[in-house]
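Work through the exercises below with the sequence and the model open. Each task is followed by a solution in steps.

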Amino acid sequence: MMTIRQIDVTVGEITRDYVNNDEQGVRGYGGQLDIRPPYQREFIYNEREQQAVITTVLSGYPLNVMYWVRRSDDAECPYEVMDGQQRTLSLCEYVAGKFAYDFKNFFNQPEDIQRRILDYRLTIYVCEGEASEKLEWFRTINIAGKPLNEQEINNAVYAGPFVSDAKRHFSKSNCGAYRLGKDLVVGTPIRQDFLKKALEWMADHETRQGKRQTAVGYMATHQHDPNANLLWSYFQAVLNWAITNFDMKRFKKIMKGLDWAELYDKYGCKALDTAAIGQRISALMRDSEIQRPAGIIPYVLTGDEHCLDLRAFPDDIKLTVWERQEHHCAHCGKEFDLEFMEGDHITPWRDGGRTVVENCQMLCRECNRRKGSK
């Protein structure tokens, strides 16, 4: 059973030992609370929203329950804000004199107003328990306004030195992972897309090596590692291989979002003829038969035409050829309604065949499947 402990703190306790910088992130509560952990997402309230928080406090209205998570025992900082980050930041920034309310900053307010703010009690729930209990808890409460995505929840559940170091590499706007992979990986660091992709790649890498693994499983296994160097090194190796072997200037638009880790694991130890590969890719990018250009690089390496989503015969061509064949299958000779027949390339695409009426024959489904399996 999940253990949830309710505690009350005042604004003054939260702002004690308040620190806000790039290295430490934002901390308060005597240094025990990560209000915004280092390299965490950087969403901020606008001025109107900050003012609304102070109005709520001065009016004595409830500021809604905030949620903290209790980290593992080896975590440098024991608590992390999971819901209420922006409300907490607004209070701390105002008390620290970073913005004015009613044309006055905190230090210009009368003492009774200062006390009213500092003595305002915040209601906080702290989630404690095993990883599975925390995961279920976060999925249940999640966050209104800007919901946490799955990776952000996992970061909280498996908080520890591994995640803290991983965020340094993968979770800041201009982090190393972004600088290296901004043209190859889809998403943004501050929403944890780069960290999620790195974990998925590493989990798949270990699975291909015979150790069944998932991204969450990898986080759980390495939660107490002193750093995330193995993850960061593998991520760099994968993308450096992609950048080295494929011309980013020429092929940038078809390189983003590929499963580079799978390709690296299969071909990373092979000496590729990059000049020949480049010529082949250029020719395929001009081929109008290919409906999925993002599959060109995987196709060049694997030879699997399914990567390309080749152009199929449109309905008007199929109807024309079906009538020309007098409704009979070109292979078995049996008669079929149009809906039970399929357009087939007489000369395959790989041999230069095009998707035109002269290169089309209508086959029954069974004959087309039999031909395709040869």
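On a 1 Å grid over the protein atoms alone, a pocket is an open set of points where a 1.4 Å probe fits, with protein on both sides within 12 Å along at least five of seven lines; lining residues have an atom within 4 Å of a point. The model is predicted, so local features need pLDDT of at least 70 and side-chain atom pairs count only at pLDDT 80 or more, while totals for chains, interfaces and linings use all residues. Residues are numbered from 1 along each chain as its sequence is written, and side-chain values use heavy atoms, with hydrogens and water left out.

**Exercise 1.** State which residues lie nearest the centre of the largest pocket, and how its lining is made up.

Step 1. The lining has 22 residues; Glu305, Leu310, Asp344, His345 and Gly372 are those nearest the centre.

Step 2. The volume is about 840 Å³, taken as the space filled by probe spheres set on the points, which are joined across faces, edges and corners.

Step 3. Strand β8 (341-345) and helix α17 (365-372) each supply at least two lining residues; β8 gives the most, with five. Helices (H or I, at least four residues) and strands (E, at least two) are DSSP runs numbered from the N terminus.

Step 4. By class, the lining has six nonpolar, five polar and eleven charged residues. Ala, Val, Leu, Ile, Met, Phe, Trp, Tyr, Cys and Pro count as nonpolar, Asp, Glu, Lys and Arg as charged, and the others, Gly among them, as polar.

**Exercise 2.** Describe how α9 and α10 are placed relative to each other.

Step 1. The axes of α9 (residues 193-208) and α10 (residues 215-222) come within 8 Å and cross at roughly 90 degrees. Axes are lines fitted to C-alpha atoms over the stretch in contact, and angles run from 0 to 180 degrees between N-to-C directions.

Step 2. The two helices are therefore roughly perpendicular, a class that covers 65 to 115 degrees.

Step 3. In contact (heavy atoms within 4.5 Å), Leu199, Glu200, Met202, Ala203 and Glu206 of α9 meet Ala215, Tyr218, Met219 and His222 of α10. These residues divide into six nonpolar, one polar and two charged.

**Exercise 3.** Which residues of α11 meet which residues of α13?

Step 1. Helices α11 (residues 229-245) and α13 (residues 260-267) pack at about 80 degrees, with axes 9 Å apart.

Step 2. From α11 come Tyr234, Ala237, Val238, Leu239, Trp241 and Ala242; from α13, Trp260, Ala261, Leu263, Tyr264, Asp265 and Tyr267.

Step 3. The contact has eleven nonpolar residues, no polar ones and one charged.

Note on methods
Parallel < 35°, antiparallel > 145°, perpendicular 65-115°, else oblique.
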